[in-house]
Amino acid sequence: MTESKRDLRSKFIGALLGTAVGDALGAPLEGWSSERITRVYGDAGRLALVEGRYSDDTEQMIGVAESLLIIKGFDGADMARTLVQNMNPKRGYGPGSRAAFERLRAGERWDEAAQHLFGGMGSYGNGAAMRIAPIGLLYHDNPKKLREVAYRSSQITHTHELGKEGAALQAFAIALAVRNEREEMQPQLEAFVQQDVFKQKLRRMERLLRTEASSGEVIAELGNGMAAFDSVPTAIYSFLRFEDFEHSVDFAIRLGGDTDTIGAMTGAICGAYYGAQAIPSDWLAQLEDGEKGKRYIQRLAEELFDITVKKEL
Ligand code: R7I
Ligand code: MG
(Lines give C-alpha, C1' and ligand atoms only; values in the text may rest on other atoms or scores of the structure.)
(Ligands and ions follow the chains in the order given, each with its own letter.)
Protein backbone atom coordinates (compact mmCIF):
# COMPACT_ATOMS: atom_id res chain seq x y z
CA MET A 1 0.00 0.00 0.00
CA THR A 2 1.37 3.44 -0.86
CA GLU A 3 1.84 5.99 1.90
CA SER A 4 -1.06 8.14 0.74
CA LYS A 5 -3.36 5.09 0.71
CA ARG A 6 -2.18 4.21 4.21
CA ASP A 7 -2.97 7.75 5.36
CA LEU A 8 -6.40 7.59 3.77
CA ARG A 9 -7.09 4.26 5.48
CA SER A 10 -6.10 5.75 8.83
CA LYS A 11 -8.45 8.67 8.22
CA PHE A 12 -11.35 6.26 7.61
CA ILE A 13 -10.56 4.40 10.84
CA GLY A 14 -10.06 7.71 12.66
CA ALA A 15 -13.48 9.03 11.63
CA LEU A 16 -15.36 5.97 12.89
CA LEU A 17 -13.34 5.39 16.05
CA GLY A 18 -13.34 9.17 16.61
CA THR A 19 -17.15 9.10 16.60
CA ALA A 20 -17.17 6.33 19.22
CA VAL A 21 -14.49 7.90 21.45
CA GLY A 22 -16.14 11.34 21.41
CA ASP A 23 -19.53 9.75 22.10
CA ALA A 24 -18.29 7.58 24.99
CA LEU A 25 -16.39 10.51 26.50
CA GLY A 26 -19.42 12.78 26.39
CA ALA A 27 -22.13 10.26 27.30
CA PRO A 28 -21.78 10.39 31.12
CA LEU A 29 -22.00 14.21 30.98
CA GLU A 30 -25.03 14.54 28.69
CA GLY A 31 -27.21 17.44 29.80
CA TRP A 32 -24.59 18.91 32.13
CA SER A 33 -23.82 22.61 31.96
CA SER A 34 -20.35 23.78 31.08
CA GLU A 35 -20.03 25.23 34.61
CA ARG A 36 -20.92 21.95 36.25
CA ILE A 37 -18.30 20.08 34.20
CA THR A 38 -15.65 22.58 35.30
CA ARG A 39 -16.81 22.40 38.93
CA VAL A 40 -16.61 18.60 39.04
CA TYR A 41 -13.58 17.93 36.81
CA GLY A 42 -11.63 21.20 37.02
CA ASP A 43 -10.36 22.99 33.96
CA ALA A 44 -6.81 21.68 33.84
CA GLY A 45 -5.83 18.71 31.69
CA ARG A 46 -8.28 16.74 29.64
CA LEU A 47 -11.28 14.65 30.55
CA ALA A 48 -10.69 10.95 31.19
CA LEU A 49 -12.65 8.23 29.48
CA VAL A 50 -13.85 6.18 32.42
CA GLU A 51 -16.78 4.04 31.30
CA GLY A 52 -16.02 3.56 27.62
CA ARG A 53 -19.62 2.75 26.74
CA TYR A 54 -20.87 4.39 23.58
CA SER A 55 -24.48 5.56 23.08
CA ASP A 56 -27.09 5.65 20.30
CA ASP A 57 -24.85 7.92 18.21
CA THR A 58 -22.28 5.20 17.62
CA GLU A 59 -24.82 2.39 17.50
CA GLN A 60 -26.53 4.18 14.59
CA MET A 61 -23.23 5.08 12.91
CA ILE A 62 -22.42 1.35 12.95
CA GLY A 63 -25.79 0.57 11.31
CA VAL A 64 -25.17 3.17 8.59
CA ALA A 65 -21.76 1.62 7.84
CA GLU A 66 -23.10 -1.95 7.86
CA SER A 67 -25.84 -1.10 5.38
CA LEU A 68 -23.52 0.85 3.03
CA LEU A 69 -21.17 -2.14 3.03
CA ILE A 70 -23.82 -4.80 2.33
CA ILE A 71 -25.41 -2.74 -0.45
CA LYS A 72 -22.12 -1.18 -1.64
CA GLY A 73 -24.00 2.09 -1.65
CA PHE A 74 -27.26 3.44 -0.25
CA ASP A 75 -30.56 1.63 0.04
CA GLY A 76 -33.10 3.32 2.32
CA ALA A 77 -35.13 0.24 3.17
CA ASP A 78 -32.02 -1.74 4.05
CA MET A 79 -30.51 1.05 6.14
CA ALA A 80 -33.79 1.55 8.04
CA ARG A 81 -34.02 -2.20 8.70
CA THR A 82 -30.44 -2.31 9.92
CA LEU A 83 -30.92 0.65 12.28
CA VAL A 84 -34.08 -0.93 13.71
CA GLN A 85 -32.40 -4.33 14.16
CA ASN A 86 -29.41 -2.80 15.93
CA MET A 87 -31.40 -0.57 18.25
CA ASN A 88 -30.68 -1.14 21.92
CA PRO A 89 -33.01 1.24 23.80
CA LYS A 90 -30.58 1.26 26.73
CA ARG A 91 -28.17 3.30 24.60
CA GLY A 92 -30.27 6.44 25.05
CA TYR A 93 -32.15 7.20 21.85
CA GLY A 94 -33.74 10.62 21.22
CA PRO A 95 -37.56 10.65 21.53
CA GLY A 96 -38.13 11.45 17.84
CA SER A 97 -35.84 8.70 16.61
CA ARG A 98 -37.37 6.21 19.02
CA ALA A 99 -40.84 7.01 17.66
CA ALA A 100 -39.63 6.67 14.06
CA PHE A 101 -38.07 3.27 14.79
CA GLU A 102 -41.31 2.08 16.39
CA ARG A 103 -43.26 3.05 13.28
CA LEU A 104 -40.69 1.32 11.07
CA ARG A 105 -40.92 -1.78 13.18
CA ALA A 106 -44.70 -1.68 12.72
CA GLY A 107 -44.17 -1.81 8.96
CA GLU A 108 -44.29 1.81 7.76
CA ARG A 109 -42.21 2.71 4.72
CA TRP A 110 -38.63 3.80 5.41
CA ASP A 111 -39.15 7.22 3.84
CA GLU A 112 -42.51 7.90 5.49
CA ALA A 113 -42.26 6.71 9.09
CA ALA A 114 -40.60 9.86 10.44
CA GLN A 115 -42.74 12.39 8.57
CA HIS A 116 -45.45 12.51 11.23
CA LEU A 117 -43.12 13.60 14.01
CA PHE A 118 -43.23 17.02 15.65
CA GLY A 119 -46.64 18.01 14.31
CA GLY A 120 -45.86 16.83 10.79
CA MET A 121 -42.72 18.95 10.42
CA GLY A 122 -40.35 16.08 11.15
CA SER A 123 -37.36 16.25 13.49
CA TYR A 124 -34.56 18.81 13.22
CA GLY A 125 -32.60 17.02 15.97
CA ASN A 126 -28.96 16.11 15.38
CA GLY A 127 -29.70 12.36 15.22
CA ALA A 128 -29.10 12.09 11.46
CA ALA A 129 -25.87 14.14 11.60
CA MET A 130 -24.33 12.21 14.49
CA ARG A 131 -24.41 8.89 12.57
CA ILE A 132 -23.29 10.28 9.18
CA ALA A 133 -19.51 9.61 9.24
CA PRO A 134 -19.57 6.52 6.96
CA ILE A 135 -21.41 8.55 4.29
CA GLY A 136 -18.91 11.41 4.55
CA LEU A 137 -16.12 8.87 4.00
CA LEU A 138 -17.66 6.85 1.17
CA TYR A 139 -18.56 9.95 -0.86
CA HIS A 140 -15.69 12.21 0.16
CA ASP A 141 -14.83 12.86 -3.49
CA ASN A 142 -18.37 13.43 -4.71
CA PRO A 143 -20.20 16.32 -2.97
CA LYS A 144 -23.33 15.93 -5.07
CA LYS A 145 -23.77 12.27 -4.21
CA LEU A 146 -22.74 12.99 -0.62
CA ARG A 147 -25.53 15.54 -0.25
CA GLU A 148 -28.10 13.26 -1.86
CA VAL A 149 -27.26 10.26 0.32
CA ALA A 150 -26.98 12.42 3.45
CA TYR A 151 -30.52 13.73 2.85
CA ARG A 152 -31.96 10.31 2.03
CA SER A 153 -30.34 8.58 4.99
CA SER A 154 -31.71 11.34 7.24
CA GLN A 155 -35.22 10.75 5.90
CA ILE A 156 -35.37 7.51 7.92
CA THR A 157 -35.66 9.48 11.18
CA HIS A 158 -35.26 13.21 10.41
CA THR A 159 -37.45 14.62 7.65
CA HIS A 160 -37.26 18.31 8.67
CA GLU A 161 -35.16 20.30 6.17
CA LEU A 162 -32.89 21.51 8.97
CA GLY A 163 -32.30 17.99 10.29
CA LYS A 164 -31.29 16.87 6.80
CA GLU A 165 -29.16 19.92 6.15
CA GLY A 166 -27.28 19.40 9.41
CA ALA A 167 -26.47 15.86 8.34
CA ALA A 168 -25.25 17.00 4.91
CA LEU A 169 -23.12 19.72 6.49
CA GLN A 170 -21.52 17.29 8.95
CA ALA A 171 -20.90 14.78 6.11
CA PHE A 172 -19.24 17.46 3.98
CA ALA A 173 -17.07 18.63 6.88
CA ILE A 174 -15.86 15.03 7.26
CA ALA A 175 -15.23 14.80 3.49
CA LEU A 176 -13.16 18.01 3.51
CA ALA A 177 -11.22 16.71 6.52
CA VAL A 178 -10.45 13.48 4.63
CA ARG A 179 -9.25 15.60 1.70
CA ASN A 180 -7.01 17.69 3.99
CA GLU A 181 -8.97 20.82 3.07
CA ARG A 182 -8.80 22.44 6.47
CA GLU A 183 -7.73 25.97 5.52
CA GLU A 184 -10.64 26.36 3.14
CA MET A 185 -13.14 24.44 5.20
CA GLN A 186 -15.21 27.32 6.56
CA PRO A 187 -15.81 29.12 3.21
CA GLN A 188 -16.38 25.80 1.44
CA LEU A 189 -18.99 24.78 3.99
CA GLU A 190 -20.65 28.18 3.76
CA ALA A 191 -20.90 27.80 -0.01
CA PHE A 192 -22.16 24.21 0.28
CA VAL A 193 -24.89 24.66 2.85
CA GLN A 194 -28.37 25.62 1.66
CA GLN A 195 -30.22 26.78 4.75
CA ASP A 196 -29.83 30.27 6.19
CA VAL A 197 -29.62 29.27 9.82
CA PHE A 198 -26.50 27.20 9.04
CA LYS A 199 -25.00 29.90 6.81
CA GLN A 200 -25.40 32.44 9.62
CA LYS A 201 -23.74 30.15 12.14
CA LEU A 202 -20.85 29.49 9.75
CA ARG A 203 -20.34 33.25 9.41
CA ARG A 204 -20.36 33.65 13.18
CA MET A 205 -17.88 30.79 13.40
CA GLU A 206 -15.49 32.63 11.14
CA ARG A 207 -15.55 35.60 13.52
CA LEU A 208 -15.21 33.40 16.62
CA LEU A 209 -12.16 31.71 15.10
CA ARG A 210 -10.39 35.04 14.74
CA THR A 211 -10.67 35.72 18.49
CA GLU A 212 -9.99 33.41 21.42
CA ALA A 213 -13.69 33.06 22.11
CA SER A 214 -14.73 31.95 25.60
CA SER A 215 -16.86 28.84 26.04
CA GLY A 216 -19.76 31.10 27.01
CA GLU A 217 -19.52 32.99 23.73
CA VAL A 218 -19.31 29.77 21.71
CA ILE A 219 -22.40 28.38 23.46
CA ALA A 220 -24.32 31.65 22.96
CA GLU A 221 -23.33 32.10 19.30
CA LEU A 222 -23.28 28.50 18.03
CA GLY A 223 -25.22 26.47 20.62
CA ASN A 224 -24.73 23.20 22.48
CA GLY A 225 -28.18 21.64 22.17
CA MET A 226 -29.87 18.69 20.45
CA ALA A 227 -31.05 20.65 17.40
CA ALA A 228 -28.81 20.06 14.35
CA PHE A 229 -28.26 23.82 13.95
CA ASP A 230 -27.20 24.10 17.63
CA SER A 231 -24.61 21.34 17.46
CA VAL A 232 -23.17 20.64 13.98
CA PRO A 233 -21.60 24.13 13.65
CA THR A 234 -20.28 23.77 17.22
CA ALA A 235 -18.53 20.50 16.31
CA ILE A 236 -16.98 22.04 13.18
CA TYR A 237 -15.81 25.03 15.21
CA SER A 238 -14.26 22.74 17.83
CA PHE A 239 -12.29 21.00 15.09
CA LEU A 240 -11.09 24.22 13.47
CA ARG A 241 -10.09 25.96 16.67
CA PHE A 242 -7.34 23.53 17.77
CA GLU A 243 -4.45 21.67 16.22
CA ASP A 244 -5.04 18.16 17.51
CA PHE A 245 -7.70 15.55 18.25
CA GLU A 246 -7.61 15.73 22.02
CA HIS A 247 -7.94 19.49 22.48
CA SER A 248 -10.83 19.72 20.02
CA VAL A 249 -12.82 16.85 21.52
CA ASP A 250 -12.10 17.89 25.11
CA PHE A 251 -13.18 21.47 24.34
CA ALA A 252 -16.37 20.32 22.57
CA ILE A 253 -17.49 18.16 25.48
CA ARG A 254 -16.66 20.78 28.09
CA LEU A 255 -19.24 23.07 26.45
CA GLY A 256 -21.86 20.85 28.09
CA GLY A 257 -25.38 20.27 26.74
CA ASP A 258 -25.59 17.50 24.16
CA THR A 259 -22.07 16.36 25.07
CA ASP A 260 -22.13 12.86 23.60
CA THR A 261 -23.33 13.98 20.20
CA ILE A 262 -21.17 17.10 19.94
CA GLY A 263 -18.26 14.92 21.12
CA ALA A 264 -19.10 12.24 18.52
CA MET A 265 -19.34 14.74 15.66
CA THR A 266 -16.15 16.58 16.65
CA GLY A 267 -14.38 13.21 17.02
CA ALA A 268 -15.53 12.19 13.53
CA ILE A 269 -14.15 15.32 11.85
CA CYS A 270 -10.90 15.23 13.85
CA GLY A 271 -10.39 11.52 13.17
CA ALA A 272 -11.03 12.11 9.45
CA TYR A 273 -8.39 14.82 9.42
CA TYR A 274 -5.66 13.57 11.77
CA GLY A 275 -6.13 9.80 11.35
CA ALA A 276 -6.62 7.05 13.91
CA GLN A 277 -3.13 7.35 15.38
CA ALA A 278 -4.01 10.84 16.67
CA ILE A 279 -6.66 9.50 19.07
CA PRO A 280 -5.12 9.46 22.57
CA SER A 281 -4.25 5.86 23.44
CA ASP A 282 -5.77 6.07 26.93
CA TRP A 283 -9.11 7.10 25.43
CA LEU A 284 -9.01 4.31 22.87
CA ALA A 285 -7.92 1.76 25.49
CA GLN A 286 -11.05 2.42 27.53
CA LEU A 287 -13.49 2.23 24.61
CA GLU A 288 -15.77 -0.80 24.84
CA ASP A 289 -14.73 -3.84 22.85
CA GLY A 290 -17.63 -6.28 22.89
CA GLU A 291 -19.37 -7.79 19.88
CA LYS A 292 -19.65 -4.42 18.15
CA GLY A 293 -16.91 -2.59 20.01
CA LYS A 294 -13.75 -0.90 18.85
CA ARG A 295 -12.27 -3.79 16.84
CA TYR A 296 -15.54 -4.24 14.98
CA ILE A 297 -15.76 -0.48 14.30
CA GLN A 298 -12.20 -0.51 12.98
CA ARG A 299 -13.08 -3.40 10.67
CA LEU A 300 -16.10 -1.51 9.30
CA ALA A 301 -13.83 1.46 8.54
CA GLU A 302 -11.30 -0.78 6.78
CA GLU A 303 -14.03 -2.35 4.66
CA LEU A 304 -15.42 1.08 3.78
CA PHE A 305 -11.93 2.11 2.75
CA ASP A 306 -11.63 -1.00 0.57
CA ILE A 307 -14.86 -0.39 -1.32
CA THR A 308 -14.08 3.32 -1.67
CA VAL A 309 -10.62 2.86 -3.18
CA LYS A 310 -11.69 -0.06 -5.32
CA LYS A 311 -14.49 2.15 -6.68
CA GLU A 312 -16.88 -0.77 -6.57
CA LEU A 313 -19.74 1.69 -6.31
O1 R7I B 1 -32.14 13.85 16.89
P2 R7I B 1 -32.37 12.73 17.83
O3 R7I B 1 -32.34 11.36 17.28
O4 R7I B 1 -31.29 12.70 18.99
C5 R7I B 1 -30.85 13.84 19.58
C6 R7I B 1 -30.13 13.55 20.87
C7 R7I B 1 -28.73 13.03 20.73
O8 R7I B 1 -27.96 13.55 21.77
C9 R7I B 1 -28.86 11.55 20.92
O10 R7I B 1 -27.66 11.00 21.38
C11 R7I B 1 -29.99 11.43 21.90
O12 R7I B 1 -29.54 11.51 23.22
O13 R7I B 1 -30.81 12.55 21.65
O14 R7I B 1 -33.71 12.98 18.63
P15 R7I B 1 -35.04 13.80 18.26
O16 R7I B 1 -36.00 13.51 19.36
O17 R7I B 1 -35.46 13.54 16.87
O18 R7I B 1 -34.58 15.33 18.34
C19 R7I B 1 -33.99 15.86 19.51
C20 R7I B 1 -34.85 16.95 20.15
O21 R7I B 1 -34.87 18.11 19.33
C22 R7I B 1 -36.33 16.61 20.32
O23 R7I B 1 -36.56 15.76 21.40
C24 R7I B 1 -36.93 18.00 20.44
O25 R7I B 1 -36.74 18.51 21.73
C26 R7I B 1 -36.12 18.80 19.46
N27 R7I B 1 -36.78 18.88 18.13
C28 R7I B 1 -37.83 19.62 17.82
N29 R7I B 1 -38.56 20.46 18.59
C30 R7I B 1 -39.58 21.12 17.97
N31 R7I B 1 -39.89 20.96 16.67
C32 R7I B 1 -36.42 18.21 17.02
N33 R7I B 1 -37.25 18.52 15.99
C34 R7I B 1 -38.13 19.41 16.46
C35 R7I B 1 -39.22 20.12 15.85
O36 R7I B 1 -39.53 20.02 14.65
MG1 MG C 1 -26.30 9.70 22.38
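**Ligand and metal sites in a predicted model**

Gln195 is placed in the loop that runs between helix H9 (185–192) and helix H10 (196–210), helices being DSSP runs of H or I with at least four residues, numbered from the N terminus. The structure is a predicted model, in which local features require pLDDT of at least 70 and side-chain atom pairs count only at pLDDT 80 or more, while totals for chains, interfaces and linings use all residues. Residues are numbered from 1 along each chain as its sequence is written, chains are lettered from A and ligands numbered from 1 in the order in which they are written, and side-chain values use heavy atoms, with hydrogens and water left out.

With a relative accessibility of 23%, Gln195 counts as partly exposed; buried denotes under 20% relative accessible area, exposed over 50%, and partly exposed the range in between (1.4 Å probe, protein chains only). The C-alpha atoms of Gln195 and Gly119 are 21 Å apart in space, and the two residues are 76 apart in sequence.

The magnesium ion (ligand 2) is coordinated at 2.0 to 2.4 Å by Ser55 (OG), Asp56 (OD), Asp57 (OD) and Asp260 (OD). Donors are N, O and S atoms within 2.8 Å of the metal (3.2 Å for Na, K and Ca); water is not among the atoms, so sites may look incomplete. The sequence spacing of these donor residues is S-D-D-x202-D. Both Ser55 and Asp56 are buried.

Ligand 1 is surrounded by 22 residues, of which the closest are Gly96, Ser97, Ser123, His158 and Asp258; a residue is near a molecule or strand if one of its heavy atoms lies within 4 Å of it. Polar contacts are pairs of N or O atoms within 3.5 Å; within protein, one atom must be able to donate a hydrogen and the other to accept it, and residues adjacent in sequence count only if both atoms are side-chain atoms. An oxygen atom of ligand 1 lies 2.5 Å from a side-chain N or O atom of Asp258, and an oxygen atom of the ligand is 2.6 Å from a side-chain N or O atom of Ser123. Asp260, a donor to the magnesium ion, also places a polar side-chain atom 3.2 Å from an oxygen atom of ligand 1. Of the 690 Å² of accessible area that ligand 1 has on its own, the protein covers 83% (Shrake-Rupley method, 1.4 Å probe; for residues, only the protein chains shown count as cover). At least two residues of the shell around ligand 1 come from each of helix H3 (56–71), helix H5 (95–105) and helix H14 (259–274). The largest share, three residues, is supplied by H5.

Within helix H3 lies Ser67, which is buried at a relative accessible area of 1%. A polar side-chain atom of Ser67 is 3.3 Å from the backbone nitrogen of Met79. Helix H14 contains Gly271, which counts as buried at 0% relative accessibility. Gly271 and Ala27 are 244 residues apart in sequence, with a C-alpha to C-alpha distance of 18 Å.

Lys72 has a phi of about 60°, is located in the loop between H3 and helix H4 (76–86), and is partly exposed at a relative accessible area of 37%. Phe118, with phi near 50°, is found in the loop between H5 and helix H6 (133–138) and is exposed at 53% relative accessible area.
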